[in-house]
Amino acid sequence: MQIGLLGYGTVGKGFYALAAEQPSLTVKTLLTRRPRGLACRETGDFADIARDPDIDVVVELIGGIHPAYEYISAALRAKKHVVTANKAVVCAYYRELVELAFQNGVCLRCTAAAGGGIPWLSSLGRVARMDRITAVEGILNGTTNYILSEMTARNAPYPELLKQAQQLGYAEADPTDDVEGYDARRKLVLSADLAFSALLQEGDIPCVGISRMTVADIAWARERGLVWKLNARAERRGDAVSAFVCPTLFPASTPEGQTNGSANRISLYAERIGKQSFSGAGAGGWPTASNVLADCLSIAGGAAPFYSDRPVEPLAVDNREGERTWLFRSYGRYAIRQETAAEAFEAYGAVSESDPTSLLAYLPYGML
Ligand code: HSE
């Protein structure tokens with residue numbers, strides 16, 4: 001199978017090296033802004049890839065929405081399979097890109113877009129074909145998990161840890177997406193869209209990141225045998241989906257509480273098979289490139305156009321049902337409240353106006 005590779009950053013480089021070890025794969029052309037001196041052909045013009053009849057697969061690793069969207073849709077229209085690690089573009093154009101893949105009889109794969117090196121989306125698609133998935137949730141961002149783990153383990157200051165996460169290649173180009181929870185939310189949207197055949201809008205999902213967390217918050221949790229994680233959750237409730245992203249307190253003894261460093265831990269709940277969890281490296285060049293490679297190999301093995309062939313239906317996000325336990329911190333004081341997610345996020349918004357340093361956290365195990 002001949003590949004047109006778009007981008008030669010951390011993941012692109014890793015993928016290029018991994019593909020060279022596979023007898024069935026050849027990177028024929030690389031789209032790059034500057035010469036890299038590689039054995040393959042290099043070009044600065046995407047048309048050289050789109051118009052090349054020998055290229056079967058376009059691997060998009062440039063990130064961002066534009067021109068990634070234009071490249072991916074042109075490749076699908078040219079009846080080339082597409083593999084991407086780009087959650088932003090798949091999230092924004094999910095329905096259109098999936099439909100283009102079906103219409104053109106080619107594959108769209110984005111396993112590396114959620115969970116780094118974990119075969120999460122491919123496993124989720126496998127279960128979605130045979131069972132009714134009721135919820136997906138997990139630690140979906142390696143950067144914030146690294147920062148929170150290190151804050152817990154060694155009380156290191158937040159800016160130093162963010163810098164380290166960037167140096168280790170975990171963080172997004174703009175780390176705001178990581179620390180404010182937007183990256184985890186995109187991965188949640190992708191997971192929920194696939195799990196529920198839904199079409200969720202990122203902006204409908206309330207989201208709190210970790211940028212307001214302090215050493216006092218870490219100590220508060222430690223005294224109670226709890227640890228902080230940035231958790232993203234979506235559950236089916238009738239014809240709607242309850243979904244939110246929020247710092248979350250897990251007992252230190254739980255699998256989530258023991259998921260440290262840049263690792264992710266993601267679970268699905270389905271009616272017949274129950275709970276299944278997946279954990280492993282959630283970020284970093286080699287793990288992410290490995291999932292890109294796995295997608296190429298599954299296409300070479302004759303994969304279906306997409307993970308699921310169920311029709312996509314727009315489902316509304318509705319957090320007004322079901323009381324849960326929440327922790328509020330404002331003006332340095334902690335308070336536990338029982339309320340729906342809609343009430344909690346609304347109250348947090350109001351509190352934040354008077355105390356911009358306030359914090360909201362979810363307690364899935366209640367107050368132990
Ligand atoms: N910035 C992302 C993370 C990279 O930290 O999880 C993997 O998607």
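**Entry 1: Asn155**

I looked up Asn155 and found a relative accessibility of 46%, so Asn155 counts as partly exposed (buried is under 20% relative accessible area, exposed over 50%, partly exposed in between, with a 1.4 Å probe and protein chains only). This is a predicted model, in which local features need pLDDT of at least 70 and side-chain atom pairs count only at pLDDT 80 or more, while totals for chains, interfaces and linings use all residues. Residues are numbered from 1 along each chain as its sequence is written, and side-chain values use heavy atoms, with hydrogens and water left out.

Asn155 has a positive phi of about 50 degrees, although Asn155 is not a glycine. I place Asn155 in the loop between α7 (142-154) and α8 (158-167); helices (H or I, at least four residues) and strands (E, at least two) are DSSP runs, numbered from the N terminus.

**Entry 2: other backbone exceptions**

Most residues other than glycine have a negative phi, and most peptide bonds are trans. I noted Ser197 for a positive phi of about 50 degrees, again without being a glycine. Ser197 sits in the loop between α10 and α11 (215-223). Is Ser197 buried or exposed? Ser197 is buried, at a relative accessible area of 8%.

I also checked the peptide bond from His66 to Pro67, which is cis with omega near 10 degrees. Pro67 belongs to the loop between β4 and α3.

**Entry 3: the sheet**

I traced an open sheet of six strands in the order β3-β2-β1-β4-β5-β6, with parallel pairing; two strands pair if DSSP finds at least two bridges between them. β3 (41-43) and β6 (108-109) are the edge strands with a single partner each, so one side of each has no neighbour in the sheet.

I then followed β1. Five bridges join β1 to β2 in parallel. On the other pairing I looked up, β1 (residues 2-6) and β4 (residues 57-60) run parallel over four bridges. Leu5 faces Leu30 in β2, and Leu5 also stands opposite Val59 in β4. Four of the five residues of β1 are buried, which leaves β1 mostly covered.

Helix α1 (residues 10-20) lies across β1, β2 (26-31) and β4, and runs at about 165 degrees to β1. Helix α3 (residues 68-77) packs on the sheet and touches β1, β2, β4 and β5 (81-84), its direction making about 150 degrees with that of β5. Contact here means heavy atoms within 4.5 Å. Axes are lines fitted to C-alpha atoms, for helices over the stretch in contact, and angles run from 0 to 180 degrees between N-to-C directions.

**Entry 4: α6 and α10**

I found that the axes of α6 (residues 120-128) and α10 (residues 182-196) come within 8 Å and cross at roughly 20 degrees. The two helices, α6 and α10, are therefore roughly parallel (under 35 degrees). Their crossing is right-handed, meaning that the near helix is turned clockwise from the far one by less than a right angle.

Which residues of α6 and α10 meet? Trp120, Leu121, Leu124, Gly125 and Ala128 in α6 meet Leu190, Ser191, Leu194 and Ala195 in α10.

**Entry 5: Glu343**

I located Glu343 in helix α13 (residues 341-354). Glu343 is partly exposed, with a relative accessible area of 41%. Glu343 and Glu323 are 20 residues apart along the chain, and their C-alpha atoms are separated by 9.2 Å.

Conventions: Parallel < 35°, antiparallel > 145°, perpendicular 65-115°, else oblique.
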